[in-house]
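Please walk me through this structure, beginning with the order of its elements and ending with the spaces inside and on the protein.

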Amino acid sequence: MGFIKEGEKCIFETEAAWSDAKGNKMLCLETGDWRTSRPVVIQKKCNACGICVSFCPPQCMVDDGDYYKANLKFCKGCGVCATECPKKAITMEPEGGFSE
Ligand code: SF4
Ligand code: SF4
């Protein structure tokens, strides 16, 4: 599996956490609804190494061309990406600061 491109479906949208023998999705968690903070990528610091993609538990970091950003439909705000980013290019910001 390659890195997910902007606009492509997250693995949870295509395979889900649990599926039956016919491939029907039985559970697909859209954890973005209860996230309390979100990862914000500082674009000028990101060198597109993709390490955040490897560590993100739901595999929701997507390739946005020159840098990576979270698919907020599935990002649960755990902060693992921010902790593991070698360039310190990700900050976790409280959800209350965003309008949508
Ligand atoms: S780990 Fe950091 S530097 Fe690497 S792609 Fe992710 S945000 Fe960019
Ligand atoms: S905060 Fe957690 S779930 Fe969201 S993109 Fe980072 S590692 Fe993935």
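**Elements, cavities and ligands**

The protein has 3 helices and 6 strands. The model is a predicted one. Read from the N terminus, the elements follow the order α-β-β-β-α-β-β-α-β. The protein has 100 residues, and 36% of them count as buried.

Rolling a probe the size of a water molecule over the atoms shows where empty space is left. Counting cavities of 30 Å³ or more gives 2. The largest cavity has a volume of about 90 Å³. Its lining is made up of 14 residues, and C46, C49, C52, C85 and I90 are the closest to its centre. Sorted by class, that lining holds 12 nonpolar and 2 polar residues, with no charged residues.

What takes up the space of the largest cavity? It is ligand 1. The residues that surround ligand 1 are C46, N47, A48, C49, G50, I51, C52, Y68, C85, P86, K87 and I90. By class, this shell consists of 9 nonpolar, 2 polar and 1 charged residues. The five residues closest to the centre of the largest cavity, C46, C49, C52, C85 and I90, can be found again in the list for ligand 1, which includes C46, C49, C52, C85 and I90.

The second largest cavity has a volume of about 70 Å³. Of the 13 residues in its lining, C56, C60, C75, C78 and C81 are the closest to its centre. The lining of this second largest cavity comprises 10 nonpolar, 2 polar and 1 charged residues.

Which ligand sits in the second largest cavity? That is ligand 2. Around ligand 2 there are 15 residues, and the closest are C56, C75, C78, G79 and C81. The shell of ligand 2 divides by class into 12 nonpolar, 2 polar and 1 charged residues. Among the residues closest to the centre of the second largest cavity are C56, C75, C78 and C81, and C56, C75, C78 and C81 are also among the closest to ligand 2.

S54 belongs to helix α2, which covers residues 51-55. Is S54 buried or exposed? S54 has a relative accessibility of 56%, and because the cut-off for exposed is over 50%, S54 counts as exposed. S54 and C81 are 27 residues apart along the chain, and their C-alpha atoms are separated by 8.8 Å. C81 is one of the residues closest to ligand 2.

The largest pocket has a volume of about 150 Å³. Its lining consists of R38, P39, V40, V41, Y67, K69, A70 and L72. Strand β3 provides the largest share, 4 residues. By class, the lining of the largest pocket has 6 nonpolar and 2 charged residues, and no polar ones.

Terms used: Residues are numbered from 1 along each chain as its sequence is written. Chains are lettered from A and ligands numbered from 1 in the order in which they are written. This is a predicted model: local features need pLDDT of at least 70, side-chain atom pairs count only at pLDDT 80 or more; totals for chains, interfaces and linings use all residues. Side-chain values use heavy atoms; hydrogens and water are left out. On a 1 Å grid over the protein atoms alone, a cavity is a set of points where a 1.4 Å probe fits but cannot get out, and a pocket is an open set with protein on both sides within 12 Å along at least five of seven lines; lining residues have an atom within 4 Å of a point. Grid points are joined across faces, edges and corners, and a volume is the space filled by probe spheres set on the points. Ala, Val, Leu, Ile, Met, Phe, Trp, Tyr, Cys and Pro count as nonpolar, Asp, Glu, Lys and Arg as charged, and the others, Gly among them, as polar. A residue is near a molecule or strand if one of its heavy atoms lies within 4 Å of it. A molecule sits in a cavity or pocket if more than half of its atoms lie within 2 Å of its grid points. Helices (H or I, at least four residues) and strands (E, at least two) are DSSP runs, numbered from the N terminus. Buried means under 20% relative accessible area, exposed over 50%, partly exposed in between (1.4 Å probe, protein chains only).
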